[in-house]
Amino acid sequence: MRKLVPFVCLVLFFLPASLLASSIPLAIAESSVTIVAPGYGMGSGTVVIAKDNSIWVLTAAHVVAGLKEEAEVVDQKTGAKKTKVSFRDAKVVRHIVENGRQVGRLELDAEIVRYSPVENHDLALLKLRRGMFKTSAVFHLDKEIPEIG
C-alpha cells in the first residue's frame, strides 16, 4: 500500500486538469456502491473487477460481519467436530444520479466469497449473483408503435 500511494499521486500530478475535473469524479461514482447487510447496517464498497459478466466488489469485513453464520458439524470420516462458517447474501446497491439528484437505484444480491476478519485485514470480497448492472430495459415492438391509452 505504501508503494501505491506515491504512484497514484504521481499519476494524478501529470494528468491534465480538464481530465481530472471530468473523468475522475465520474469514474469514482461509477465504481462506488453501497453494501447493505440486511438487519445489521450498511457501508460502502468499490467495484474492483467487472469482466466475463461478473462483478466483484471489495468492502470492509465489518460491513458484512453480521451476515456470518456458524454451525457445528461432525466430520463423517473422523467423527471430529468442526465449525462450518457461511454467510448470508449481502445487497449491493448502485445509486443512479443525474444532475446531482438521485433518480433511481439498482439492487442485486452478492455472495461473500472471501472474508478476512476485522482483527486481520478487515476486507471482504463479494461477487454479484447476477452479471452486470443493467441500466436500461430492452423492448421489442412490432413495426407499428401502438397508440397510448
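**Entry 1: surface and fold**

I looked up the surface first: the chain exposes about 11600 Å², and carbon and sulfur atoms supply 57% of it (Shrake-Rupley method, 1.4 Å probe; for residues, only the protein chains shown count as cover). I note that this is a predicted model, in which local features need pLDDT of at least 70 and side-chain atom pairs count only at pLDDT 80 or more, while totals for chains, interfaces and linings use all residues. Residues are numbered from 1 along each chain as its sequence is written, and side-chain values use heavy atoms, with hydrogens and water left out.

I found three helices and eight strands in the chain, in the order α-α-β-β-β-α-β-β-β-β-β from the N terminus (DSSP runs numbered from the N terminus: helices are H or I, at least four residues; strands are E, at least two). Of the 149 residues, 21% count as buried (under 20% relative accessible area; exposed is over 50%, partly exposed in between; 1.4 Å probe, protein chains only). I also checked contacts (heavy atoms within 4.5 Å): among those between residues at least 6 apart in sequence, 42% join residues at least 24 apart.

**Entry 2: Thr59**

I located Thr59 in strand 3, residues 54-59. Thr59 counts as buried because its relative accessibility is 4%. Leaving aside neighbours within four places in sequence, I list its contacts as Ile35, Ser44, Gly45, Val64, Asp122, Leu123, Ala124 and Leu126. For Ser44, I noted that the backbone oxygen lies 2.7 Å from a polar atom of the Thr59 side chain.

**Entry 3: salt bridges**

I counted eight salt bridges (a side-chain nitrogen of Lys or Arg within 4 Å of a carboxyl oxygen of Asp or Glu). I looked at Asp89 and Arg129, whose side chains meet in one at 2.8 Å, N to O. Asp89 lies in the loop between strand 5 (81-87) and strand 6 (90-98) and Arg129 in the segment after strand 8 (123-128), so this pair ties together parts 40 residues apart in sequence. Asp89 is partly exposed, at 24% relative accessible area. I also found Asp89, Glu111 and Arg129 linked in a network of salt bridges.

Next I checked Asp109 and Lys91, where the closest N and O atoms are 2.6 Å apart in a salt bridge. Asp109 is in strand 7 (residues 101-116) and Lys91 in strand 6, so the pair ties together parts 18 residues apart in sequence. I have Asp109 as partly exposed at 31% and Lys91 as partly exposed at 25%.

Last, I looked up Arg105 and Glu107, which form a salt bridge at 2.6 Å, N to O. Arg105 is partly exposed at 46%, and Glu107 is partly exposed at 41%.

Terms used. Polar contact = N/O pair within 3.5 Å; in protein donor to acceptor, adjacent residues only side chain to side chain.
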